[in-house]
Amino acid sequence: MREAQLSLDLLFAVTLMTLTVVSLISLATHEVEGARNLDTSTKVKVFAIDLRDTIVKVYAAGDGFAVKKTPPFELKSGEYLEITLNETSNELKVEAEINGGKYTTVQRIPVPLISNSTVTLTPSNNELWIVCQYNETAGGMDVRVSEKP
């Protein structure tokens, strides 16, 4: 009778330890996934802030000035970054699909925008230009994002 009791206790203890280990592994996996999402979200946000600052610098430099920018991470197949300058709201919007997640960040631009412009970055086209040109129709400097200078 004692041997059977010992075997049942041992089986129960091993089952509890296995469940605990599986739970810890599951928790660790979720934490790593959360950390990766936070890392990607932070990279997109930092890129948007860098673009905002570059737009202000290009505007200050004036007519004919252009700066090439690339994202701080490599885009893989199926991933994209869409950069939009909106003249109505005077905002820079960066939308991204990276590692199956969608990220969006918006930055207010402290200089006036005269026109809307959008560029989509992909693995095969991963650079954009921030260009400033004088717009005679609007009578002011026009900062826009473009695929070419």
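Before we click on anything, one rule for the sheets: two strands pair if DSSP finds at least two bridges between them. The helices (H or I, at least four residues) and strands (E, at least two) on this tour are DSSP runs, numbered from the N terminus. Keep in mind that this is a predicted model, where local features need pLDDT of at least 70, side-chain atom pairs count only at pLDDT 80 or more, and totals for chains, interfaces and linings use all residues. Residues are numbered from 1 along each chain as its sequence is written, and side-chain values use heavy atoms, with hydrogens and water left out.

**Stop 1: the three-strand sheet**

Select S1, S6 and S7. They make an open sheet in the order S1-S6-S7, with antiparallel pairing.

Now zoom in on S1 and S6, which pair in the antiparallel sense over four bridges. Pick Lys-68: its bridge partner in S6 is Trp-129.

**Stop 2: a link across the chain**

Stay on Lys-68 and show its side chain. Which residue forms a salt bridge with Lys-68? Look for Glu-127, where the closest N and O atoms are 3.5 Å apart. This pair links distant parts of the chain, with Lys-68 in strand S1 and Glu-127 in the loop between S5 and S6, 59 residues apart. A salt bridge here is a side-chain nitrogen of Lys or Arg within 4 Å of a carboxyl oxygen of Asp or Glu. In general, side chains of opposite charge can pair when their charged atoms come close.

Lys-68 is partly exposed, at 45% relative accessible area, and Glu-127 is partly exposed too, at 27%. (Buried means under 20% relative accessible area, exposed over 50%, and partly exposed in between, using a 1.4 Å probe and protein chains only.)

The structure holds six salt bridges. Among them is the one between Asp-53 and Arg-52, at 3.2 Å from N to O. Another to click on joins Lys-93 and Glu-95, with the closest N and O atoms 3.5 Å apart.

**Stop 3: the four-strand sheet**

Next, select S2, S3, S4 and S5. This open sheet runs in the order S4-S3-S2-S5, again with antiparallel pairing. At its edges stand S4 (101–108) and S5, each with a single partner strand, so one side of each has no neighbour in the sheet. The twist averages 10° from one strand to the next.

S2 and S3 pair in the antiparallel sense over seven bridges. Find Leu-81 and then Ala-96, its bridge partner in S3.

**Stop 4**

What is Leu-128 in contact with, leaving aside its neighbours within four places in sequence? The list includes Phe-47, Leu-51, Ile-83, Val-119 and Ser-146. Contact means heavy atoms within 4.5 Å.

**Stop 5**

Click on Ser-146, in strand S7. Is Ser-146 buried or exposed? At 14% relative accessibility, Ser-146 counts as buried. A polar atom of its side chain lies 2.6 Å from the backbone oxygen of Lys-148.

Finish at Thr-54, in helix H1. Thr-54 is buried, with a relative accessible area of 8%. Its side chain reaches the backbone oxygen of Asp-50 at 2.8 Å. Not counting residues up to four places away in sequence, Thr-54 touches Val-67, Lys-69 and Ile-130.

Definitions and conventions:
Axes fitted to C-alpha atoms, helices over the stretch in contact; angles between N-to-C directions. Polar contact = N/O pair within 3.5 Å; in protein donor to acceptor, adjacent residues only side chain to side chain.
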